[in-house]
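Here is a friendly walk through one model, written to be read with the structure open beside you. Please keep the viewer handy and click along as the residues come up.

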Amino acid sequence: MQILVSVASKHGATAEIGEIIATGLRDAGLEVITLPPDRVESVEPYDAVILGSAVYAGKWMESARAFADRHASALEARPVWLFSSGPLGDPPMPSGDVPEMLNIAERLGARGHRTFAGRIDRDQLGIVERAITAVVHAPDGDFRDVADIRGWADEVIEALAPHQAVAS
Ligand SMILES: Cc1cc2nc3c(=O)[nH]c(=O)nc-3n(C[C@H](O)[C@H](O)[C@H](O)COP(=O)(O)O)c2cc1C
């Protein structure tokens, strides 16, 4: 089985979540390719796809949305999981899933979707981003929970097990 993990990330935090998921899948013996959404020409070579995006101003990044549009019919035909990264603080806010991800999950018939807490490193932000995060009082820091992310990867692995038996 070959799994695609494709992640839209502006400052790297969501890409690292994708790497944690990819490592979990590899540790379970699956073959995993990681590529950003705009580098994926076709999803046909993959038996399953995990698509993730950072959330900015309540929306998925354009490259992840465009990926879902561009490959919609091929994605509908294979197991797909989605994740977002955005909420910050303890407890992480804003709470709940972004509508974007829920809409895409419904359209593609995704097997699962999850929102993970994110990270802001103020030193990485441009002047406009700093101003926005100051206005909304977004806390600086890394709120990602590696155990939570690995746990979700384990759920995906478990759900893939019957497909793996068919593929081998
Ligand atoms: C300008 C700005 C706007 C943001 N807007 C949201 C938002 O609307 N909802 C949310 O959950 N997170 C929001 N975030 C938090 C980011 O999504 C979070 O920090 C994420 O982990 C960043 O991922 P990346 O490093 O992969 O780009 C925002 C962050 C910045 C800097």
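Which residues does Arg-119 touch, not counting residues up to four places away in sequence? Arg-119 touches His-11, Gly-12, Ala-13, Glu-16, Leu-88, Gln-124, Gly-141, Asp-142 and Arg-144, where contact means heavy atoms within 4.5 Å.

Before going further, a word on the ground rules. This is a predicted model, in which local features need pLDDT of at least 70 and side-chain atom pairs count only at pLDDT 80 or more, while totals for chains, interfaces and linings use all residues. Residues are numbered from 1 along each chain as its sequence is written, and side-chain values use heavy atoms, with hydrogens and water left out.

**Arg-119 and its surroundings**

Arg-119 sits in strand 7, residues 119-120. Strands (E, at least two residues) and helices (H or I, at least four) are DSSP runs, numbered from the N terminus. The side chain of Arg-119 reaches the backbone oxygen of His-11 at 3.0 Å. That is a polar contact, meaning a pair of N or O atoms within 3.5 Å; within protein, one must be able to donate a hydrogen and the other to accept it, and residues adjacent in sequence count only if both atoms are side-chain atoms. Arg-119 counts as partly exposed because its relative accessibility is 23%; buried means under 20% relative accessible area, exposed over 50%, and partly exposed in between (1.4 Å probe, protein chains only).

Thr-115 belongs to strand 6, which covers residues 112-116. Its side chain and that of Asp-97 are joined by a polar contact of 2.5 Å. Leaving aside neighbours within four places in sequence, Thr-115 is in contact with Ser-84, Pro-87, Gly-96, Asp-97 and Met-101.

Is His-71 buried or exposed? With a relative accessible area of 7%, His-71 is buried. You will find His-71 in the loop between helix 2 and helix 3 (72-76). A polar atom of the His-71 side chain lies 3.4 Å from the backbone oxygen of Val-40. Not counting residues up to four places away in sequence, His-71 touches Val-40, Glu-41, Ser-42 and Val-43.

**How helix 2 meets helix 4**

Two packed helices are described by the angle between their axes and the distance between the axes. Helix 2 (residues 62-70) packs with helix 4 (residues 99-108) at an angle of about 15°, and their axes are 11 Å apart. Helix 2 is therefore roughly parallel to helix 4. Axes here are lines fitted to C-alpha atoms, for helices over the stretch in contact, and angles run from 0 to 180 degrees between N-to-C directions. Angles under 35 degrees count as roughly parallel, over 145 as roughly antiparallel, 65 to 115 as roughly perpendicular and the rest as oblique.

Which residues meet in the contact of helix 2 with helix 4? From helix 2 come Arg-65, Ala-68 and Asp-69, which meet Glu-100, Ile-104, Arg-107 and Leu-108 in helix 4. The residues of this contact divide into three nonpolar, no polar and four charged. Ala, Val, Leu, Ile, Met, Phe, Trp, Tyr, Cys and Pro count as nonpolar, Asp, Glu, Lys and Arg as charged, and the others, Gly among them, as polar.

**Backbone details to look up**

The peptide bond from Asp-90 to Pro-91 is cis, with omega near 5°, and the bond from Met-93 to Pro-94 is cis too, with omega near -5°. Pro-91 lies in the loop between strand 5 (80-85) and helix 4, and Pro-94 lies in the loop between strand 5 and helix 4.

Ala-57 has a positive phi of about 50° although it is not a glycine. Ala-57 is found in the loop between strand 3 (48-56) and strand 4 (59-60), and at 83% relative accessibility Ala-57 counts as exposed. His-137, not a glycine either, has a positive phi of about 55°. Look for His-137 in the loop between helix 5 (127-135) and strand 8 (141-142); at 68% relative accessibility, His-137 counts as exposed.

**Some separations across the chain**

| C-alpha pair | Along the chain | In space |
|---|---|---|
| Met-1 and Ala-72 | 71 residues | 21 Å |
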